[in-house]
Amino acid sequence: MPCDPRGVNLVRRGTRVFFLAFSWMLMFSPGIAAQTVQPESILIRNVRLIDRDGKAEDKTVNILIKDKKLEVVSRDKIPTAGVGLTVDAQNGILLGNLDMGSPPSFLILDQDPRDNFEVLLDTATHARFAVHKGEIVKNTLPDAGIEAADEEPPKKSGWLAYTPPPMALPLSYQDDTKWNKWETKYVSGIFLAALILDRQFWLSQDEGSELQVGDLRDYDGGEIRGLRLGAVGTLNFKTPWVYTVFAATNAFDRGFDTEEVDSLTLFDYRLDIPLSKWAFLSVGKQKEPISMERIMSLVYLPMQERSSVSDAMLPARNVGVVLNGTGFNRRMTWAGGAFNDWFDAGQSFDDATSQFVGRVTWLPFLSGDESNLFHLGFGMRYSDAKEGGRFLTEPEFTQAPIFVDTGLLEADSTMTYNLEASWRKGPFWVGGEYLSSQLKSPSLGDPRFSGYHLTGSWIITGEMRAYNRRSGVLGPVPVSRSVYQGGVGAWEAAIRWSDLDLSDGEVDGGKMGILSLGWGEDGDPFPRPELVAHAVLRRKRQLPAHLPGSVRHQRPIRRPPESRGVALGVMALVASWGAGRWTSYEKDL
């Protein structure tokens, strides 16, 4: 039955009047009695938020009030540990003010005033819960402690692919009222864009380093690290397919898998197709399913760059298909893919190199509230090496010369193994990865190259990285109280040691170890600056850096076998359009 527009408008006007009179009603209504004992923290589950203008869809959220101030509003389950009072709103309607960091005042009604306007005229009867300036003045909601929370079924994720898009979708990406969102019968989508800048300074360099790579002060300076733009959306079949198309300027080519000088490069284009409840197929240019560090978005890592090990031994993206799924109540993930970049490289399929990649992850330990977990992962990558193989990288800065380089090596095939381990407990994260690549090349002595990194991170402001149980990776730092809402944002300190060895058999590509210290702040929606200090502590290579690589039977040129350099870098996500952090916390309620 169609709604009477006059009735809808009446409800809207009445709702606005209710908001203006709300504080007076809480203080003087005889049907609302103040609670004498006030808990230090209050968790309210399953509250329904409505749009007063009727343009956006309702949202069911959980609310945490701590020390009489609004701490978190989240669609995800909030742990009950340390919470004084936990209640279940049973999908009741919230009317009032929610301002992060401020004492909230609101009512939770047992009926929707849009359906029954008389609810607003008799709040003494229909108000199940009431808070005035952070203090409970009425509560008839049932208790919902730890036992009830643990019985909640896991929510289905809004993103079904193995990896999210290269820039995080905002939580409101399904909100039709956003200017950058479009919705038609057959196609829906959202436009995203972001600008990332780099600036670095080489603080010191010893004589050995200068002899090998030249004066590093020539590389001081800044650059536009990333101007990314694209769209993510759905093809609206009965079971929707998800499409991703992203492009970037190409002046900073290392992260986008190209060495051309084109002004614009497509670095993601793919379709994500649900095959069943537990399996999905991704087709197109995408990240290979190997290495948590490689799969995670660069701007969400605690350091300015990925480790030298990951950059030297794994590609950024490739063209192919990936089949992925989960098992054992989503404590295990699996993914396998086949790749050949003939289409992207403009070659014939037979001449281009083919790769087969797989990864499995497992959570051997996961606490009841999921705040404490231990992750293990194993990956394999086979390449038929039709075009040879080359391993090279900068010292974890893009504004730097190549420090280690094997040159182009002929091989019959290569096999790469990856081991992962991560422990995350609340704001603390300790993780590491090991990579080993074996080349089948008898003339070069079948060399094996290897490396590892160890990373530690502490989110000082207390936020916790979410763990994606569909793809077995950690997410970005969430912001519980943004700068925009009067908070300080999220602050993170990190340390990393990486070690890379590209010398074995007849190949002398060099060895490098780097110690990094990082400091980042996420104001959300303000810029995310990252300050990183690198100390390149060890680098051995007998041939000069300008040669593309070396084999040991060549006559070595005498150079100092070890060298050191120290650098300071700054990277900032200075602007984003239509994009938000990939986080559970709502910030524009």
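User: Which residues form a nonpolar patch on the surface, and how much accessible area do they have together?

Analyst: Happy to start there. A patch is made of residues with over 30% relative accessible area and no salt bridge, where nonpolar side chains (Val, Leu, Ile, Met, Phe, Trp, Tyr) are joined within 5 Å and like charges within 9 Å. A salt bridge is a side-chain nitrogen of Lys or Arg within 4 Å of a carboxyl oxygen of Asp or Glu, and accessible areas come from the Shrake-Rupley method with a 1.4 Å probe, only the protein chains shown counting as cover for residues. Here the patch consists of Trp362, Phe365, Phe374, Leu376, Trp423, Phe428, Val430, Trp458, Ile460 and Trp519, with about 940 Å² together.

Please keep in mind that this is a predicted model: local features need pLDDT of at least 70, side-chain atom pairs count only at pLDDT 80 or more, and totals for chains, interfaces and linings use all residues. Residues are numbered from 1 along each chain as its sequence is written, and side-chain values use heavy atoms, with hydrogens and water left out.

User: Which strands each supply at least two residues of the nonpolar patch?

Analyst: Strands (E, at least two residues) and helices (H or I, at least four) are DSSP runs, numbered from the N terminus. β16 (354–366), β17 (372–383) and β21 (428–440) each supply at least two patch residues. Tryptophan 519, a patch member, sits in strand β26 (residues 507–522).

User: Is tryptophan 519 exposed, partly exposed or buried?

Analyst: Buried means under 20% relative accessible area, exposed over 50%, and partly exposed in between (1.4 Å probe, protein chains only). Tryptophan 519 has 40% relative accessibility, so it counts as partly exposed.

User: How do I read a sheet, and what is the strand order in the open sheet of 7 strands?

Analyst: Strands of a sheet pair through backbone hydrogen bonds, either parallel or antiparallel. Two strands count as paired if DSSP finds at least two bridges between them. In this sheet the order is β3-β2-β1-β4-β5-β6-β7, and the pairing is mixed. At its edges are β3 (69–74) and β7 (135–139), each pairing on one side only. Neighbouring strands are turned by 30 degrees against each other on average, direction ignored; axes are lines fitted to C-alpha atoms, for helices over the stretch in contact, and angles run from 0 to 180 degrees between N-to-C directions.

User: Which strands does β1 pair with, and over how many bridges?

Analyst: β1 runs antiparallel to β2, with 7 bridges, and valine 47 stands opposite valine 61 in β2. With strand β4 (residues 85–97), β1 pairs in the parallel sense, also over 7 bridges; here arginine 48 faces isoleucine 93. Because 8 of the 9 residues of β1 (residues 41–49) are buried, this strand is largely enclosed by the rest of the structure. Further along, β2 (residues 59–66) runs antiparallel to β3 with 5 bridges, and lysine 66 has lysine 69 in β3 as its bridge partner.

User: Where are lysine 133 and alanine 385 found?

Analyst: Both are residues with positive phi that are not glycine. Lysine 133, in the loop between β6 (127–132) and β7, has phi near 50 degrees and is exposed at 56% relative accessible area. Alanine 385, in the loop between β17 and β18 (392–393), has phi of about 55 degrees and is buried at 5%.

User: What joins the side chains of aspartate 311 and arginine 294?

Analyst: A polar contact of 3.2 Å joins them. The term covers a pair of N or O atoms within 3.5 Å; within protein, one must be able to donate a hydrogen and the other to accept it, and residues adjacent in sequence count only if both atoms are side-chain atoms. Aspartate 311 lies in helix α7 (residues 308–313) and is buried at 12% relative accessibility.
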